[in-house]
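Please consider the sequence and the model that follow.

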Amino acid sequence: MTRLKENDVDQIAATIADYDENLLRMTGCSLKEIARLASGKGADCLVDRSLQVAVIPMTCGQGIIGGFVESVASIITYLGFKAVITESSDAGGVAEAVKRGSDLLFMADDDRFVAINLKTGKVSDNGEATGKGYVAGLERMCHGLAGKKVLILGAGPVGSSAALALVRYGAEVTVFDPNLTASERLSSVMEKLGCIVQVETDLESSLARHEILVDACPAENIIELRHITKDTRIAAPGIPLGVQDLGAEQLAADRLLHDPLQIGVATMLWEVL
């Protein structure tokens with residue numbers, strides 16, 4: 001899991017309604033609708049909103065990120081579910097959640113952020129869910145992706161999930177990662193699934209040839225103002241944002257999809273319902 005900072009998440013609860021309004025304007029879909037699309041559930045899917053969700057603080061590794069569990073709980077609550085933060089952390093938090101009759105658990109350590117449905121055994125990983133969620137939003141922002149060229153920056157869990165989602169939408173996918181082995185591994189996995197993902201080795205030339213981007217790498221300022229045209233569309237789940245400040249300002253109104261937690265958490269929730 002990308003290591004968030006407190007100032008990445010401390011305004012989520014206060015601004016989520018405005019965030020959702022902007023998302024609707026940008027993509028034509030609300031946060032809930034993007035999560036539903038990403039998780040493959042139909043519009044007529046019945047959701048049991050009586051399910052109780054427990055968000056469990058985890059102290060292992062580098063410890064709890066300030067505001068993290070509160071932000072996760074606020075997203076879940078905004079989506080219409082009852083969310084509680086356990087008083088105990090780690091294994092004690094899991095025990096507390098089970099004793100209190102919680103149905104779904106959300107918890108994160110340095111390596112993984114997962115949602116678990118205790119009734120069904122379903123598990124959703126944040127990396128995979130985030131990749132799916134951002135591609136669902138990008139597909140709407142671009143009014144379809146079939147036949148369109150998309151460049152993924154980063155071949156980690158989020159980028160890999162995004163690659164599969166993009167191919168399913170009919171996009172022509174290219175991936176760049178500074179670790180060439182990671183790109184080649186992703187391409188090989190996709191080939192075994194009957195999908196084609198091209199590997200790009202030159203970042204500059206690949207940015208010059210693509211106007212639809214998925215920024216799934218944890219590097220700042222790799223997408224500069226000179227790489228941005230009037231047709232550029234970017235889905236940027238990566239933290240920190242990889243778009244240069246002036247470029248982000250130019251894209252912000254309706255061409256840049258970016259948040260620290262909202263789409264990933266919402267998609268995780270819908271995947272385990």
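How many disulfides does a search of the whole structure find? In this predicted model, the search finds 0 disulfides. Cysteine 142 takes part in none, and the nearest cysteine sulfur, that of cysteine 29, is 13 Å away. Cysteine 142 is also buried, at 8% relative accessible area. With a relative accessibility of 14%, cysteine 217 counts as buried.

The sheet may be taken next. It is an open sheet of 5 strands with mixed pairing, in the order E2-E1-E3-E4-E5. Strand E2 (82–85) and strand E5 (123–125) form its edges, each pairing on one side only. From one strand to the next, the twist averages 20°.

Strand E3 (residues 104–108) pairs with strand E4 (residues 113–117) in the antiparallel sense over 5 bridges, and a hairpin of 4 residues joins E3 to E4. Phenylalanine 106 stands opposite alanine 115 in E4, while methionine 107 has valine 114 of E4 as its bridge partner. E4 and E5 also run antiparallel, joined by 3 bridges, with isoleucine 116 opposite valine 123 in E5. The hairpin that E4 and E5 form has 5 residues between the strands, and glycine 121 in the turn has a positive phi of about 80°.

Helix H5 (residues 90–99) lies across strand E1 (52–56) and E3, running at about 170° to E1. Helix H11 (residues 262–272) touches E1, E3, E4 and E5, and its direction makes about 25° with that of E4.

H11 also meets helix H6 (residues 126–141): the two axes come within 8 Å and cross at roughly 105°. The two helices are therefore roughly perpendicular to each other. On the H6 side, the contact involves Asn126, Ala129, Thr130, Lys132, Gly133 and Tyr134; these meet Ile263, Gly264, Val265, Thr267, Met268 and Glu271 in H11.

Helix H3 (residues 31–38) brings several of the helices together. Its buried residues are Leu31, Ile34, Ala35, Arg36 and Ala38, and these pack against helix H2 (12–27), helix H4 (68–78), H6 and H11. Serine 30 lies in the loop between H2 and H3. Is serine 30 buried or exposed? Serine 30 is buried, with a relative accessible area of 14%. Leaving aside residues up to four places away in sequence, serine 30 touches Asp20, Leu23 and Leu24. Just after H3, glycine 40 adopts a positive phi of about 80°.

How values were computed
Residues numbered from 1 in each chain as written. Predicted model: local features only at pLDDT ≥ 70, side-chain atom pairs only at ≥ 80, totals over all residues. Heavy atoms only, no water. Disulfide = S-S within 2.5 Å. Buried < 20%, exposed > 50% of the residue type's maximum accessible area, 1.4 Å probe, protein only. Pairing = 2+ DSSP bridges. Axes fitted to C-alpha atoms, helices over the stretch in contact; angles between N-to-C directions. Contact = heavy atoms within 4.5 Å. Parallel < 35°, antiparallel > 145°, perpendicular 65-115°, else oblique.
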